[in-house]
Amino acid sequence: MKQRLILFMTLLSLASFTKTNAQEKSFIEITEVDSTLSPGDNFYRYANGKWYDSISIPASQSGVGAYMFMNYPQRIRLQGILDSVSQGQHYLGSIEQKVGDFYVSGMDTVTINKRGYDPIKPILSNIKAISDLPSLMTFVANQVKVDNSSIMAFGVGADDKNSNMNIAHAYQTGLGLPDRDYYFKSDSSTVAIQEAYKTYLATLFQLTGSEPAQAKRDAALVYNIDKQLAESHRTRVERRDVKANYNKMALKDLEKAQPNIGWSNFLKHLGAKTDSIDIAQPPYYDKLNELLKTTPLENWKVYLKANVIEEYASHLSKPFVDAIFEFNKVISGQAVQKSRGEIMASEVDNYLGEALGQLYVKKYFPEDAKMRMLDLVKNVQNAYAARINKLEWMSDSTKIKAKEKLFAMRLKIGYPDKWKDYSNVNISKDTYFENIVSAAAASYQREMAKLDQPVDKSEWYTTPSTVTAYNNPSANEIVFPAGILQPPYFDNNADDALNYGGIGMVIGHEITHTFDDQGAQYDKDGNVKNWWTEDDYAQFKSRIQQVKDQYSTFTVLDSLHVNGDMTVGENTADIAGIAVAYDAFKMTPEGQNQEKIGDFTPDQRFFLSVARIWKVKMKDEFLRLWINNNPHSPPIWRVNGPLMNTSPFYNAFDVKVDNKMFLPKEDRITIW
């Protein structure tokens, strides 16, 4: 099976708009509306109210519903595939043998529990043997090669200024908490997380032989090093600055600036032959260079011991898994541990994702969904071009550049054209830990093979079964894996209103990332290069600021504010995504009439579909985690926020000035 990669090199006229016959589609009733509420006061709750009030969050989850929480039923699907394939007889080296035996090895908790922490004892012995800074950095390099970025995060990816070539990148790392800010906040919920983390560290030390008092002292030591590293970390908002986070440096200059790291020897032990590295966040490596000299070697060995136990704890015996859960439930609100089958479905997807993905698409992905998606994307692109043509704030010369970029966009649907090769991954039914290490080492070797080589534009950065979509600005591509091409996002048998309000909105959203505050800095070939006039870019930035300011006023849990600066890219994509999907929908036969389907007009069904794709109910703890770390606004504001700025929504549901979502026309934001 081959993926269709569409490269639009010329402008397509709106006359070529693909039409679908809504009358051939099935009637899908919308049953979750709470008609006791006013749609103009809280459309999110109006559209999803009956569902929200009746649904319960599974005890093993932090939330339920659409969006990321659809990956829970996806894992159940994957578990079904794995239960089946693991019981068969397969050729050694086949994808069925690898995913089946990997799954069996992880389900064998009797053997895993019997081994305790034996699998990491050789690694802990290597830490004890560290005698100086060079041997410490050699150990760190060896761990990077099996996907453990303890104090050095190294990877290979496209060069922002030459997107056809892969280069080496280094990123800030070194923290055990989700983000730098957790080390410096003093509110009660954050302090509870800090204390839970220290307890977790102490528990890990005790599980590997330390006395309680010593374990507590070592946990405090590790937390202190963490906090010093966190001081150098750029915030999530600062990391949105594309140019500030690109710092390609010659190796010889790095050696001079950061001699304690020993970059040349570090790269040698990585097997990475290159003369330059993009240091995404230089302050971190400056701080690390300083701490490598000022922090006693024995303290670093304690820190690395904690890092290794944390890194591998989920692959060890039950006491380690229990310790992880006790820490994570404070962060996420999850009440009970996930089943072993669900955990292993995630693990196989993580380490052998495209092998498992081949089995998933055979079972669950209809090929005709690709053709419908191609039509939808083409229609949304054409509607986007029409909106660009009508922009009053943009000059004609910039409009031409914007449309060139729009139609140069690559499209990936369902699954890769070329599957990853797992032939060098050794999998056995009775060696779960070793299977993990083998898969991680193979992944690293795939990365190293790309260093200073041309970019493979066919590569995917998610697995086929994952419910997600993404925009890759350095490749100017949008990607929709098979996992998201299911209800409520996409239904090949549904009417156009539901599909354009669902996956059509997602398509518009992902296209808009090409033109958000970050994506707008990349040209049609994926290079960071200016294609704007000075006046147009100033106008664009003023509208981006409007989005930041508006979303910063939105709250959840009474007083917890959305971070408008951190979420601006996603919010921009939500606002424009709905607008362009609506325009595309209005050019279909269903969109051009007002005949009701059930109780709702086509326009109303479109907007109800928008609300349905973000219906989520989550624990308060997880919502706090979301607000602090997720670049997307929480679900309620992914619906109400953009719709407050969408005039056709006002018309569809008769939103008046006294409704809570009402904004005067002059205050409604339009960017694209």
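Predicted model: local features only at pLDDT ≥ 70, side-chain atom pairs only at ≥ 80, totals over all residues.
Mentor: Residues are numbered from 1 along each chain as its sequence is written, and side-chain values use heavy atoms, with hydrogens and water left out.

Trainee: Which helix gives the most to the lining of the second largest pocket?

Mentor: The lining residues of a pocket (an open set of points on a 1 Å grid over the protein atoms alone, where a 1.4 Å probe fits, with protein on both sides within 12 Å along at least five of seven lines) have an atom within 4 Å of a point. Of the 15 residues that line the second largest pocket, those closest to its centre are Arg387, Lys390, Leu391, Glu392 and Thr670. Both α16 (368–390) and α20 (534–551) supply at least two residues of this lining, helices here being DSSP runs of H or I with at least four residues. With four residues, the helix that gives the most is α16.

Trainee: Is Thr512 buried or exposed?

Mentor: Thr512 is found in helix α19, residues 496–512, and touches Tyr384, Thr572, Ala573, Ala576, Gly577 and Trp672, not counting residues up to four places away in sequence, where contact means heavy atoms within 4.5 Å. Buried means under 20% relative accessible area, exposed over 50% and partly exposed in between, with a 1.4 Å probe and protein chains only. Because its relative accessible area is 0%, Thr512 is buried.

Trainee: How many residues apart in sequence are the parts that the pair of Phe43 and Phe649 ties together?

Mentor: Rings of Phe, Tyr and Trp (its six-membered ring) pair if their centres lie within 6.5 Å, and planes under 30 degrees apart count as stacked, over 60 as edge-to-face and the rest as tilted. Phe43 and Phe649 form an edge-to-face pair, 5.0 Å centre to centre with 75° between the planes. Phe43 lies in helix α1 (residues 43–54) and Phe649 in helix α25 (residues 647–653), so the separation of the parts in sequence is 606 residues.

Trainee: What is the relative accessible area of Trp626?

Mentor: The rings of Tyr67 and Trp626 have centres 5.6 Å apart and planes at 45°, so this pair is tilted. Tyr67 is buried with a relative accessible area of 12%, and Trp626 is buried with a value of 2%.
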